[in-house]
Amino acid sequence: MTAAPTVVQAIAALAARTVRDGLDERLRHDVVRRYLDLLGNSVAATELVPGRAVTRLVTAWGGREAATVIGAGLRAPAASAALVNGTLAHSLDFDDTHLPSVLHPSAAVLPAALAVAEATGAAPTAMLDAAAVGVEITCRLGMAGYDRDARASVFFDRGQHATSICGTLGAACAAAMLLGLDEDGIASAIGIAASMGAGVIEANRTGGTVKRVHCGWAAHSGVVAAEMAAAGITGPPTVIEGRFGFLQAWLGEHADAAAVTDGLGERWELPGIFFKPYPCNHFTHAGIDAALRLRDAGLRPEDVRSIELGAPSSVLRTIGEPAAAKARPESGYHAAFSGPFTVASALVGGGGLGLSHDDFTDEAARDPRRLALAATVTCVPDARCDEIFPDQLPAVVRVTTTDGRVLEERTDVNRGGPQHPLSDDELATKFAGNARRSFVADRADDLATAVLGLGSAPSLAALVALLRG
């Protein structure tokens, strides 16, 4: 009797089958949309401190010029390029989100796939296929940590950044596929990567820039794991479900191994991943949507006496606590994690698809008008939001006006998800707003054309030439 495959063997079988047969055009187009989104976010972040710091680091490391470092005018080893580009991808907190796992899969996986595809001369379609499988695995590992009874991510509740922890394995899978490893080699790459994933999310609460590097480190580690497998290092066959494996180590008794393999290769999480319309923490988006509708209905900041922002209880730890810090964020980056500030900005500012990067500069975070309005916001748990979360990231905004009226707007379904999707045109608007803030300002249309043509392009040459800067 043949033994049933282990979890990592089932993943590797899907990956090897995808290398052999390719994916359908629907899934490939979804990955093209994700590259458009991710590369727009990345080029917009090239002048921020994290990307520049990591670029200096990999420049000092040196090594074989194999893959493009976005915006730096240089090429570096694939793992080094993945480190910088993954850092850029997550630096603005504008990257896509999978629910209900609440992780950002593309920012760890797509930079790894891009770096290895360039280094190996792989076809763009091979890169798209590898990225699709890597993202899928990342999401499914995240779902293994979703506690359905508590309706919460076990990773998140423990302070673990599921994005970087699970994304390391997804990046390794994608990199191994592009390196041409066989099924056993792909399984070993994932098994090696399980010893490399890490990340804690205290920076969401109290500051620091290290979280912006998490996806870069996941991409870097995934590439290194795949290269180690290619060199002959092996991983344990029970690395996911074993007594001392990934699930037990991170999640203990709350792990759901079946979430990784059920319907694998037949039912895809990939198309349901949410795009972000606003450049801030995803937990703030529903409140922004509600505030924008109130503004469009005629509410003026000067009409506001007080605001109550209702959200899922667990979300408030990120966007509402500590209350004093959220009311007066210390920088534009910290403002992006503030429920009070984002609601105030939606009522005061606005640009792009509703809010833009200009609403999250350090100058905007010091804007007296926004701060005065944010000071009127009280964040409270909301029972209906708790029922919906985390299948959506809902919110309710209640405004008491200076003349005593109470206005209420609820957002139960997030903009950018499968029930309220961003169109290709809206994604193009988001991309243009990102690209025109960067070194490709005069070539934004050319870059968009190169990304959108990945499904039929003969090589990555045109794309990486534009990204190099």
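This is a predicted model: local features need pLDDT of at least 70, side-chain atom pairs count only at pLDDT 80 or more; totals for chains, interfaces and linings use all residues.
**Salt bridges**

Side chains of opposite charge can pair when their charged atoms come close. The structure contains 34 salt bridges, and the stops below take in several of them.

Begin by selecting D30 and R34. Their side chains form a salt bridge, with an N to O distance of 2.7 Å. Both residues belong to helix α2, which spans residues 25-44; because they are 4 residues apart there, about one helical turn separates them. Are D30 and R34 buried or exposed? Both are buried.

Keep helix α2 in view and select D37 together with K430. These two side chains also meet in a salt bridge, at 2.6 Å from N to O. D37 is in helix α2 whereas K430 is in helix α22 (residues 424-435), so this pair ties together parts that lie 393 residues apart in sequence. K430 has a relative accessible area of 5% and is buried. D37 likewise counts as buried, with a relative accessibility of 5%.

Next, select R468 and E118. The closest N and O atoms of this salt bridge are 3.6 Å apart. R468 is located in helix α24 (residues 461-468) and E118 in helix α5 (residues 106-120); the pair therefore ties together parts 350 residues apart in sequence.

**Cis peptide bonds and positive phi**

Most residues other than glycine have a negative phi, and most peptide bonds are trans.

Select E321 and P322 and display the backbone. The peptide bond leading from E321 to P322 is cis, and its omega is near -10°. P322 sits in the loop that connects α15 (316-319) with α16 (323-327).

Move on to F389 and P390. Here too the peptide bond is cis, with omega near 0°. The loop holding P390 runs between α21 (383-388) and β7 (395-401).

Now select V102. This residue is not a glycine, yet its phi is positive, at about 60°. V102 is placed in the loop between α4 (78-91) and α5. With a relative accessibility of 17%, V102 counts as buried.

Where does R151 lie? R151 is in the loop between β3 (146-147) and β4 (152-153). At 27% relative accessibility, R151 counts as partly exposed.

W61 has a relative accessible area of 44% and is partly exposed.

Technical notes. Residues are numbered from 1 along each chain as its sequence is written. Side-chain values use heavy atoms; hydrogens and water are left out. A salt bridge is a side-chain nitrogen of Lys or Arg within 4 Å of a carboxyl oxygen of Asp or Glu. Helices (H or I, at least four residues) and strands (E, at least two) are DSSP runs, numbered from the N terminus. Buried means under 20% relative accessible area, exposed over 50%, partly exposed in between (1.4 Å probe, protein chains only).
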